[in-house]
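User: Please take a close look at one helix in this model. I want its faces, its packing and its geometry.

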Amino acid sequence: MNEQISADQINAAGHLMIGGCDAVDLAAQYGTPLVVYDVSQIRQQIRAFQRVFAKNQVDYTVSYASKAFAAVAMYQVVNQEGAHIDVVSGGEMYTALKAGFPLAHASFHGNNKSYDELVMAVKNHIGVVVVDNFHEIDLLNRVLEELDANVQVMLRITPGISAHTNKYIQTGQVDSKFGFDLESGQADQALEKVQASPRMTMIGLHAHIGSQIFEVAGFEGVANKLVAVADHWQKQFGYRARVINVGGGFGIRYVKDDQPLRPEEFVDAIIKAIKKAVAGTNLGQPAIWIEPGRSIAGPAGYNLYTVGSRKDLPGLKSYVTVDGGMGDNIRPALYQAQYETVLASDPQAPLKEHVRLAGKYCESGDILSQDQALPATKPGDILATLDTGAYGYAMASNYNRNPRPAVVFAENGHSQVVIKRESYDDLVHLDRPYEGK
Ligand SMILES: *Cc1c(COP(=O)(O)O)cnc(C)c1O
């Protein structure tokens, strides 16, 4: 059986279970394409990160990078688990506010935060603004003056470390659009500017080196680099950093070749590296912050599809087409992301053929998998793509004017819609007839 499914996820009927609910029943009840989250998996993953810090008695914050999947229900669950969030837009802040999430527990990221977004953040008592560039320092100063307010900030550093990962999702190398460069002295200048502002309280340093990372070396490197910068800042400017934020990017298993470490292995390595690095300084033990997105939302998510048409070609791999595709999961088309898909009614069925799993969108590139082993399938069968919870629905579009799917949360045998399926009326509700001549 597929290793991403555990034995207790198969019920007596042999069907796939998600959050204690039969996946075939969920598809029948809510329709397909459908995104389903196993809520207990979200909780377990957050707790796994938190536990290691607590065990090591380190002051910490686990901040869920909510761009991986942002929804009112998701923010509620994250808040219930006592985790913080990263937000990167006014829309994410608005959604978090709708969920009753205290923005004091939020870090605001982004390389081009707008005036309006900064006003929104400051007015709603954002926990931290993670400052990315000089333009932002000026804009934020203006906003703070106008609102007669103060805010905590961190500086985002480009650490000059590239994680061993796909180049589309690398952000830590020197030539990056994110953060202040170290070598050219930009980071020092930024510190001086922020320190000169009476309205900004600088609490620490941040870096994020990429995503879907499988090795601890990148995190150890970034931990060392940030501590070295903090040490330099203490000696040069008398500024003592209270927080070292090493970002997110913890890898997950999408296909069997992916061999991710467990949350505790990543966190252990980060704690050790920071403890070791600060030992030779006068910094004391800083708080350690991490920002997992994919590793919290990804493994908990499933996309359910109904099989439709099929195309067989002599000597070539057949196409099996489902009722979704790049509109609900653009990652395979965007950067050749790979997934495993199983037959929901019998995930243990012997595999009979390798097919291309195609979407229904009008792009030749709309292929969910170039090589998926499947049992025999027929129209009407329900397929479940695994580990789709991060950057799937979050990147969904209305391409071809297809409505976006519903999102269901399942936990302890209960299921509930947390984002409704779009209707055709939803699709046209912003349209206005043209009244020109
Ligand atoms: C995207 C992002 C994350 C989360 O990355 P994952 O790979 O989803 O864990 C964390 N921090 C920052 C600043 C990000 O931009």
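This is a predicted model: local features need pLDDT of at least 70, side-chain atom pairs count only at pLDDT 80 or more; totals for chains, interfaces and linings use all residues.

Analyst: The face of H6 turned away from its buried side carries the exposed residues His 135, Asp 138, Glu 145 and Glu 146. Residues are numbered from 1 along each chain as its sequence is written.

The buried residues of H6 are Glu 136, Ile 137, Leu 140, Val 143 and Leu 144. Viewed down the axis of H6, they fall within an arc of 130 degrees, so they line one face of the helix. That arc is taken over the directions from the helix axis to the C-beta atoms.

Now the packing. The buried residues of H6 pack against helix H5 (115-123), strand E7 (128-131), strand E8 (151-158) and helix H7 (186-196). Contact here means C-beta atoms, placed from the backbone, within 7 Å. Helices (H or I, at least four residues) and strands (E, at least two) are DSSP runs, numbered from the N terminus.

Next, the geometry. Helix H6 covers residues 134-147, and its 14 residues should span 20 Å at 1.5 Å a residue. The expected span is 1.5 Å times one less than the number of residues. The end C-alpha atoms of H6 are 20 Å apart, which agrees. Asp 148 follows H6, and its phi is positive, near 50 degrees.

Notes: A residue is buried if 20 or more other C-beta atoms lie within 10 Å of its own, exposed if 12 or fewer, and partly exposed in between; C-beta atoms are placed from the backbone. Two residues are in contact if their C-beta atoms, placed from the backbone, lie within 7 Å.
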